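Here is a friendly briefing to read beside the sequence and the coordinates.

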Amino acid sequence: MPVTPLMLKFSNVMLEIFGQSDYLVFLAIDALTGVLLMKIAKLFARYLLQKQTNDVDTYSKDAAPILLKAENLKKLQVFIVAVHFLNPYSIGVCLARSTGIIHNFLILLAFYWTAKANMILSTLCLAMATYECFYPVVLCVPAALYFYQCDCYRKKNTDSNTTSSLPYFIKTFILFVFWLSLLFSISYMLQDSLQFFNSIYGFIFTVPDLTPNIGVFWYFFTEMFEHFRVFFLFVFQINAIVYTVPLAIRFKEQPLFLMYILTFLTGVFKSYPSYSDVALFLCLLPLWKHLFPFTEQFYSNLYVYHQYRFLSAALAPLALRWQCQRQLLFRHYSGLHNSRNLSSNGSLVRQPTLGI
């Protein structure tokens with residue numbers, strides 16, 4: 001992934017101060033991420049109980065045995081912190097000193113301030129995450145829905161037809177655009193140029209680097225004819241964000257769950273995903289652990305899923321190495337084929353080569 005001007009500045013300052021001990025910064029960010037997850041879990045448990053209290057009159061009487069109780073959420077903070085610190089993906093990202101750990105921290109900050117219903121700080125964190133990677137822009141939609149829902153509960157008005165959600169969307173996007181414009185302005189002052197737009201977002205959108213990774217872009221565009229490239233670039237990039245509107249309609253009553261689902265989808269369908277994206281949505285999954293017992297064959301499926309995940313992660317270096325070798329062979333023989341073409345009289349003409 002390309003690095004933004006502010007991230008470069010941060011890295012330079014970090015290296016000047018810490019030198020070879022820069023790993024301490026990443027350890028500190030990882031520890032802060034664990035603390036942040038604990039606070040998010042606490043806020044989320046409070047939100048679930050408050051939402052249930054406000055909506056309990058609309059529930060069926062037969063639903064009483066499965067209503068959420070405070071004791072069901074007692075160990076939620078322990079679960080989510082344990083999943084983070086014992087997650088192999090989180091450990092690997094921290095040991096690799098990847099900037100993905102900073103991006104994840106910004107996303108979690110956006111979750112935290114959204115759960116606190118703080119529109120200013122939530123949009124600031126979303127703008128910072130979008131500045132780094134673009135795709136978190138879709139999280140503005142669930143954030144606006146959450147602010148609207150909180151205001152309805154505050155006014156003791158749960159009828160969504162009475163109060164319009166449009167002003168909340170407008171305020172959220174105006175604040176988001178303001179913070180993002182401010183970040184772009186600071187970057188321009190640092191670089192004295194707008195070239196970073198093409199270097200960062202042009203790189204993300206046009207996908208010039210087809211080195212194998214855990215995403216889907218590189219494989220598809222390696223196997224595809226070049227004259228279809230522009231069309232499928234649009235299709236694949238739209239695929240990362242197109243689910244926002246239908247999911248927002250379906251989960252308008254669960255904006256935090258919508259936020260998690262969009263984080264998961266963008267982590268899968270972005271052009272250059274990494275293990276840090278997997279670590280992020282796995283760490284947030286225990287927030288809904290109270291629903292696991294109601295999921296058919298959940299624990300057996302979860303065991304199979306994690307076995308598959310860990311096996312895939314262990315074999316990924318071998319698979320990626322094989323794909324790299326295959327890609328190099330393909331380019332080599334394509335170059336040999338393109339070096340011969342037919343002249344106007346039908347004879348073979350070899351194109352001149354350089355260096356030999």
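**A buried histidine and its surroundings**

His 84 is buried, at a relative accessible area of 4%, where buried means under 20% relative accessible area, exposed over 50% and partly exposed in between (1.4 Å probe, protein chains only). This is a predicted model, in which local features need pLDDT of at least 70, side-chain atom pairs count only at pLDDT 80 or more, and totals for chains, interfaces and linings use all residues. Residues are numbered from 1 along each chain as its sequence is written, and side-chain values use heavy atoms, with hydrogens and water left out.

**The chain as a whole**

- The protein chain has 15 helices and two strands; helices (H or I, at least four residues) and strands (E, at least two) are DSSP runs, numbered from the N terminus.
- Of its 356 residues, 42% count as buried.
- Among contacts in the protein chain with a separation of 6 or more, 73% join residues 24 or more positions apart; contact means heavy atoms within 4.5 Å.

**Buried residues**

- His 84 belongs to helix α3 (residues 76–85).
- Beyond its neighbours within four places in sequence, His 84 is in contact with Asp 30, Thr 33, Gly 34, Leu 37, Ser 90 and Cys 283.
- Cys 283, one of those contacts, is itself buried with a relative accessible area of 4%.
- Cys 125 is buried as well, at 5% relative accessibility.
- The disulfide count comes to zero, a disulfide being a pair of cysteine sulfur atoms within 2.5 Å.
- Thr 130 sits in helix α6 (residues 119–133) and counts as buried at 4% relative accessibility.
- Leaving aside neighbours within four places in sequence, Thr 130 touches Pro 136, Val 137, Phe 176, Leu 180 and Tyr 201.

**Helix α5 with α2**

- The axes of helix α2 (residues 23–55) and helix α5 (residues 100–115) come within 10 Å and cross at roughly 25°; axes are lines fitted to C-alpha atoms, for helices over the stretch in contact, and angles run from 0 to 180 degrees between N-to-C directions.
- α2 and α5 are therefore roughly parallel to each other (angles under 35 degrees count as roughly parallel, over 145 as roughly antiparallel, 65 to 115 as roughly perpendicular and the rest as oblique).
- Their crossing is left-handed, meaning that the near helix is turned anticlockwise from the far one by less than a right angle, while clockwise would be right-handed.
- The α2 side of the contact includes Asp 30, Thr 33 and Leu 37, and the α5 side includes Phe 105, Leu 108 and Phe 111.
- The residues of this contact divide into 15 nonpolar, one polar and two charged; Ala, Val, Leu, Ile, Met, Phe, Trp, Tyr, Cys and Pro count as nonpolar, Asp, Glu, Lys and Arg as charged, and the others, Gly among them, as polar.

**Helix α5 with α14**

- α5 also meets helix α14 (residues 275–284), with axes that come within 9 Å and cross at roughly 30°.
- The crossing of α5 and α14 is right-handed.
- Gly 100, Asn 104, Ile 107, Leu 108 and Phe 111 of α5 make this contact with Ser 276, Leu 280 and Leu 284 of α14.
- By class, the contact of α5 with α14 has five nonpolar, three polar and no charged residues.

**Helix α7 with α8**

- Helix α7 (residues 140–154) and helix α8 (residues 166–191) pack at about 130°, with their axes 9 Å apart.
- That angle makes α7 oblique to α8.
- α7 passes α8 in a right-handed crossing.
- Phe 176, one of the α8 residues that meet α7, is also a contact of Thr 130.
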